[in-house]
Amino acid sequence: MSGIPRIKVYNYGTYFYEHEYSLLDTLEANEIPAPYNCRGGYCGCCKVRLLDGEVEAVQDSLVDLDDDEILTCCCRPVSHIEIELPE
Ligand code: FES
């Protein structure tokens, strides 16, 4: 992929990943009300559904995830992605 990864947040809009540490940091920088608690891969509060695209880990996680789930505090996008926040 070339260019800056695009982050489409279902029901919110489309944003760009700049150079933030994690996907959670990017969501916060764009004032998206993304849930979180520990920011360290322990609690699972930042779990969202990855609808499209790929992410890579920026830190380890101790949370069990389904195939379409990611922790926003533990990853960053490596392609254009689409995610859905929990209701
Ligand atoms: S905020 Fe706790 S696992 Fe991401």
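Two residues are in contact when their C-beta atoms, placed from the backbone, lie within 7 Å. This is a predicted model, in which local features need pLDDT of at least 70 and side-chain atom pairs count only at pLDDT 80 or more, while totals for chains, interfaces and linings use all residues. Residues are numbered from 1 along each chain as its sequence is written.

**The whole chain**

Colour the chain by secondary structure to show one helix and seven strands, arranged along the sequence as β-β-α-β-β-β-β-β. Helices (H or I, at least four residues) and strands (E, at least two) are DSSP runs, numbered from the N terminus. The C-alpha atoms fill a box of roughly 30 × 25 × 25 Å, taken along the principal axes.

**The sheet**

Select next the five strands of the open sheet, which run in the order β2-β1-β7-β3-β5 with mixed pairing. Two strands pair if DSSP finds at least two bridges between them. Because β2 and β5 stand at the edges with a single partner strand each, one side of each is left without a neighbour in the sheet. On average, neighbouring strands of this sheet are turned by 35 degrees against each other, direction ignored; the axes are lines fitted to C-alpha atoms.

Zoom in on β1 and β2 (residues 13-16), which pair in the antiparallel sense over four bridges. Here K8 has T14 in β2 as its bridge partner. The two strands form a hairpin with three residues between them, and N11 in the turn has a positive phi of about 75 degrees.

Move on to β3 and β7, an antiparallel pair with three bridges. Select R49 to find it opposite E84 in β7.

**The core**

Now display the largest nonpolar core, which has 18 residues. Such a core is a set of buried Ala, Val, Leu, Ile, Met, Phe, Trp, Tyr and Cys residues joined through C-beta atoms within 7 Å; a residue is buried if 20 or more other C-beta atoms lie within 10 Å of its own. L24, V55, I70, L71, C75 and I83 have the most contacts inside this core. The elements giving two or more residues to the core are β1 (6-9), α1 (23-29), β3 (47-52), β5 (69-71) and β7 (81-84). The largest share, three residues, comes from α1.

Finish at L24: leaving aside neighbours within four places in sequence, L24 is in contact with A34, Y36, R39, C46, T72 and C73.

Definitions and conventions. Buried ≥ 20, exposed ≤ 12 C-beta atoms within 10 Å, placed from the backbone. Axes fitted to C-alpha atoms, helices over the stretch in contact; angles between N-to-C directions.
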